[in-house]
Structures are given as C-alpha cells and as structure tokens.
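This report covers salt bridges and ligand surroundings. The sequence and structure come before the account.

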Amino acid sequence: MMSELLPFEEALAAMENIQSTPPNEEQIELNKALGRITCNDIIATSFVPPDDNSAMDGYAFRFCDWSPEKVFPISQRVPAGQAPAPLEEGTCARIFTGANIPKGADTVIMQEEAQPQEAGILFPHAKANSNIRPQGQDIKKGQVIIHKGTKITPMHIGLLSSLGQTKVSVFCPLKVGILTTGDELIPAGNTLAEGQIFNSNGPMLSALITQAGYQVSQCLHAKDSPQATESAIQTLLECSDVILSSGGVSVGEEDHVKTVLEKLGKVHLWKIAIKPGKPLVHATLGNTPFLGLPGNPSSTLVTYHWFARRLLARCAGQENLFDISYPVDAGFNRSKTIKRDEFLRVSISSDGLAYAHPQQSSGALIAACESQGYLHIKAHTPIEYGCSYAFYPFSGF
Ligand SMILES: Nc1nc2c(c(=O)[nH]1)N[C@H]1C(S)=C(S)[C@@H](COP(=O)(O)OP(=O)(O)OC[C@H]3O[C@@H](n4cnc5c(N)ncnc54)[C@H](O)[C@@H]3O)O[C@H]1N2
Ligand code: MOO
C-alpha cells in the first residue's frame, strides 16, 4: 500500500541525521589528497601574497612625488623574484607583474599609460595606490582556509600549495563493501545462458564509490537464498565501514536482503515514496550502516545518488554535502500524477527547456547515459509545459 511509503523528504532527513564515527586520521602528501576529506580546520600560517606586489608590468613610485608634468628618473629595475631596494625619493622603479613593491612606493602605473622621455618617465594620469596587490590579499595569516569535513578539490590543492604546504591531514578513506544479489546474474565476460543477464550494478556501484573517493573493500555476489545472502554480508562486515547492496529488497519470495538484515541487526526504514527506487532499505548491523538499494539498475543509480551518497559522506567524515540544482522549465506536459516523488532523466535542449528521455523504465540505464540530470517532480504534481521544476545535473553528483 502506498501509505506505507516514507515520504522522500523524510527519508532524506533520516539519512542526513545518521550518527557515525568517522574513520581514523592520517597525514598524507598533498599531491595524493584529491578527493580526500580534511579531518580538522586548516589555518593559514602565513600571508598570501607574503608582501605587497605589482599587479602590472610598469613603474612604481611615491604618489606624493607625482604631477602630470613630472618626469621620473628610473632608479632601479625590479623583476619578479628579486628583493627591491627602498625607492629613492623622486624616482620610479621599473617593475614587473608579481615583483615586490620597493619600500616607499605606493602606486604602480602600467607601461601602456607611461610616456618615456629622455630624462625618465612621464605619467599623464595616476591614481594613488593603483595596481598594488597588498600582502594577504588572497589569504590572511590565522584565517581558516579549509573547514574540517571538506572534500579536497584541485582548487584546495592550489590554495594549500600557495601556503607552501606539502602535506595535509585527512580521514582515512571509507571502506565500502558491495553486495549484489540475484540468481539470474553473471559477471560480464561470460556467456549468457537462457534467463541470465550480466551484473551491471556491481561494476556501476564500484565506479560510483571510486569516483566519490572511497575504497571498495570487496564486491561480492550472492544467490537468492537467505544463507548465501547472510554469509556474503558476514564476509563484508569483516572488511567494510559501510555496506551497499543491490536487489533482493522488494516483496517477492526471492527477496531475502531485508529478512537477513532483520536477523543480523536493526532495520530503520524500508520503502520510500520515490520513483524509481521504492523498496530501499536502511539498517545497522552492529555499528556498520547498511543500505539495500533496489536491483533495477536505474533504481540503484537514483537511490545511490540521493541516499547512499549522503550516507557514505556522513560516514567518511564529510560535512556539507550539497546537491546542486536550479529551476528549469519543462518542454512537455504530463497530466497524470503519481503518489511518489519522481526523478525523470532529462536533457536540456537548445531552447533551454527540459525534455524527458523516452525510456524511463527503472530497468533501463540508457536514459541516464543519454541525459544530463534529474528533473524532480514532486508527488501528486502534474508536469506543465513552461512550468519550472528543480533540475539536478549529473555533474553535481
Ligand atoms: N509485487 C511487487 N513487485 C515489485 C514491487 C512491488 O512493490 N511489488 N516493486 C518493484 C520495484 S519498484 C522495484 S525497484 C523492484 C526492486 O526489486 P529488488 O530490489 O528486490 O530487485 P530484484 O528483484 O532483485 O531485481 C530487480 C530487477 O533488477 C535486475 N537486477 C538486479 N540486480 C542487478 C544487477 N546487479 N545488475 C543488473 N540487473 C540487476 C533484476 O534482474 C530484476 O530485473 O521490484 C519490483 N517488484
Ligand atoms: O522503484 Mo522501482 O525502482 O519504481 O522500479
């Protein structure tokens, strides 16, 4: 019955409120830190830039020496990387972008605005303090530059390098166990017998976990029996911080995951009001969180994106996991409404409107490959041409 389904927003909140002990901490080389998660606030130990420097190739002088008629003799040349001498009164320094400003100078004029004369340089126009990048313009000493729980991006690596850092303290990578279930499934590379299909969720989950910066502890497959399911889960419990499974969570006699979870631990939620992805199950086995994703490949993908991603981020020590979305107008109508929140795989066309992929079956993965993201249609909501709905680009996941 639909009334048994947990509303989407409630299921999301449940995932966000999960309490978990973060992994151990380690210090690693910065060049290995992409995608890792900081385990403390990082505080700048110096200023960037360390001193005032020139933003332009040009000339530096003291503004109080300047008038539109004044010709400044050049008293020194300051390329980037060299320490300048204090500026001699009434003179200018030839200076280049990134070079430190000589003590006493307070204004830089770019060379295109300078007029060379026999006795020096004339500056018809000047503005005090122009073209100087002050010490600490980018980073102030003592400032928190990266907060605890941040996933390290290439920009963070640049920022830490600008402070001269070569190491960073992070949480150890989360170890995620994967279980796929189903008698009909065989690994790619074999020949299919009648009734069989290839296991696509195992490799897809593995790739999603790797892409997120976590480690796959082990990827196991279990036949549709309570014994095989339990034994595989026990093996994964030995080596994993979190376990994700696919399939075997619906209501059929061949679906054993939920029953085994009830035996081994505590089931917190089962079945949510989303399409695709309804029979999601969340449990804790001892201290190990377990998320059972539905087996239809698009249901696996959608529930990974919305629920597993959150669970894994929390367990890995990451804070502030954002879903990037923006409103996009639908390029089609659908008067029929459903009782679940729906995640249509859509593309944004050159007219700026969102169009649903024609193949929205939860068994079909092609839609996700040929689309750009999800259009979130809330439960009981018709789709009207020109009305806006939240669009979540896949690139945001
Ligand atoms: N009587 C009902 N039947 C079903 C319901 C329901 O409410 N009542 N819900 C349907 C919905 S919605 C979904 S989603 C599926 C989910 O079922 P399970 O999670 O138990 O998944 P399975 O039955 O094991 O498999 C479903 C489907 O996906 C294929 N599959 C499974 N694992 C993989 C894999 N690793 N790689 C590729 N494909 C996989 C499997 O062959 C099935 O075709 O239940 C509906 N049924
Ligand atoms: O939830 Mo199922 O994923 O609708 O097919």
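## Basis of the model

Lys271 counts as buried at 12% relative accessibility, where buried means under 20% relative accessible area, exposed over 50%, and partly exposed in between (1.4 Å probe, protein chains only). The model is predicted: local features need pLDDT of at least 70 and side-chain atom pairs count only at pLDDT 80 or more, while totals for chains, interfaces and linings use all residues. Residues are numbered from 1 along each chain as its sequence is written, chains are lettered from A and ligands numbered from 1 in the order in which they are written, and side-chain values use heavy atoms, with hydrogens and water left out.

## Salt bridges across the chain

The whole structure holds 10 salt bridges, a salt bridge being a side-chain nitrogen of Lys or Arg within 4 Å of a carboxyl oxygen of Asp or Glu. One of them joins the side chains of Glu4 and Lys271, with N and O 3.3 Å apart. Glu4 belongs to the segment before α1 (8-16), and Lys271 to the loop between β19 (266-270) and β20 (274-275), so this pair links distant parts of the chain, 267 residues apart. Helices (H or I, at least four residues) and strands (E, at least two) are DSSP runs, numbered from the N terminus. Glu4 is partly exposed, at 47% relative accessible area.

Glu16 and Arg310 form another salt bridge, their closest N and O atoms being 2.5 Å apart. Because Glu16 lies in helix α1 and Arg310 in helix α6, the pair ties together parts that are 294 residues apart in sequence. Arg310 is buried, with a relative accessibility of 7%, whereas Glu16 is partly exposed at 35%. Both residues belong to a network of salt bridges that links Glu16, Arg309, Arg310 and Asp323.

## A salt bridge within one helix

Lys258 and Glu262 also meet through their side chains, in a salt bridge of 3.1 Å from N to O. The two residues are four apart in helix α5 (residues 257-264), which means that about one helical turn separates them. Glu262 is partly exposed, at 42% relative accessibility.

## Ligand 1

Around ligand 1 there are 22 residues, of which Glu184, Asn199, Ser250, Lys278 and Gly295 come nearest; a residue is near a molecule or strand if one of its heavy atoms lies within 4 Å of it. The shell divides into eight nonpolar, 11 polar and three charged residues. Here Ala, Val, Leu, Ile, Met, Phe, Trp, Tyr, Cys and Pro count as nonpolar, Asp, Glu, Lys and Arg as charged, and the others, Gly among them, as polar. β16 (197-198) and α6 (297-316) each supply at least two residues of this shell.

An oxygen atom of ligand 1 is 2.5 Å from an N or O atom in the side chain of Glu184. Polar backbone atoms also approach oxygen of ligand 1: one of Gly248 at 3.0 Å, and an N or O atom of Val249 at 3.0 Å. The protein covers 70% of the 870 Å² of accessible area that ligand 1 has on its own, by the Shrake-Rupley method with a 1.4 Å probe; for residues, only the protein chains shown count as cover.

## Ligand 2

An oxygen atom of ligand 2 lies 2.7 Å from a polar backbone atom of Gly277, and an oxygen atom is 2.7 Å from a polar backbone atom of Lys278. For the side chain of Asn296, an N or O atom is 3.4 Å from an oxygen atom of ligand 2.

Notes
Polar contact = N/O pair within 3.5 Å; in protein donor to acceptor, adjacent residues only side chain to side chain.
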